[in-house]
Amino acid sequence: MSSEALYTFELPYSIATPILFERIRFLPKPVLLDSNSDTAGMDIIAADPHTTLTSSKGQTRICSLDKADEVTDKCPFTLLQELLASYSALDHDAIPFTGGAIGCFSYDLGRRIHKLNGHPGDDIE
């Protein structure tokens, strides 16, 4: 279980989220999820992740700030599920969710789920 604290605070919507994002965009792997609504008020800004999972050619690399890198052939979806389960969720009425993962899954990751004919060339170097 992680003992890391979750810090939340309300930001005034008089400040545009992209302007706030400019302050962290230089950090590793910055993310802005903009709700595109002044009334929703639930934008997410994050950067410099504690842990990353990167899959390629049947292998997944787990990079964490507090552990040595690990490479495994275990399903990345299972790895993500196990990683998220290792953190305790906070019950906070003012926040619609308190945890999770931010990222993307590529089309090629579907090959870990379905058998597809052929294998595309490596287009990202």
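Residues are numbered from 1 along each chain as its sequence is written, and side-chain values use heavy atoms, with hydrogens and water left out. Because the model is predicted, local features need pLDDT of at least 70 and side-chain atom pairs count only at pLDDT 80 or more, whereas totals for chains, interfaces and linings use all residues.

The chain contains 2 helices and 5 strands, where helices (H or I, at least four residues) and strands (E, at least two) are DSSP runs numbered from the N terminus. Along the sequence these elements follow the pattern α-β-β-β-β-β-α. Of the 125 residues in the chain, 13% are buried, the term buried denoting under 20% relative accessible area, exposed over 50%, and partly exposed the range in between (1.4 Å probe, protein chains only). The accessible surface of the chain comes to about 10100 Å², and 55% of this surface belongs to carbon and sulfur atoms; accessible areas come from the Shrake-Rupley method with a 1.4 Å probe, and for residues only the protein chains shown count as cover. Among contacts (heavy atoms within 4.5 Å) between residues at least 6 apart in sequence, 35% join residues at least 24 apart.

An open sheet of 3 strands is present, with the order S3-S4-S5 and antiparallel pairing, two strands being paired if DSSP finds at least two bridges between them. S3 and S5 stand at the edges with a single partner strand each, so that one side of each lacks a neighbour in the sheet. On average, neighbouring strands of this sheet are turned by 15° against each other, direction ignored. Helix H2 (residues 76–85) packs on the sheet and touches S3, S4 and S5, its direction making about 170° with that of S3; axes are lines fitted to C-alpha atoms, for helices over the stretch in contact, and angles run from 0 to 180 degrees between N-to-C directions.

Strand S3 (residues 51–56) pairs with S4 over 6 bridges, and among the bridge partners in S4 are isoleucine 62 for leucine 53 and glutamine 59 for serine 56. The hairpin of S3 and S4 has 2 residues between the strands, and in this hairpin lysine 57 takes a positive phi near 55°. S4 in turn pairs with strand S5 (residues 67–72) in the antiparallel sense over 4 bridges, and these two strands also form a hairpin with 2 residues between them. Across this second pairing, threonine 60 stands opposite threonine 72, while isoleucine 62 has glutamate 70 as its bridge partner in S5. In a regular strand the side chains alternate between the two faces of the sheet. Strand S4 (residues 59–64) has a covered face formed by Thr60, Ile62 and Ser64, and an uncovered face formed by Gln59, Arg61 and Cys63.

Histidine 50 is found in the loop between strand S2 (44–46) and S3, and this histidine is partly exposed, with a relative accessible area of 22%. The side chain of histidine 50 makes a polar contact with the side chain of threonine 51 (2.7 Å); a polar contact is a pair of N or O atoms within 3.5 Å, for which, within protein, one atom must be able to donate a hydrogen and the other to accept it, and residues adjacent in sequence count only if both atoms are side-chain atoms. Histidine 50 and serine 64 are 14 residues apart along the chain, and their C-alpha atoms are separated by 5.8 Å.
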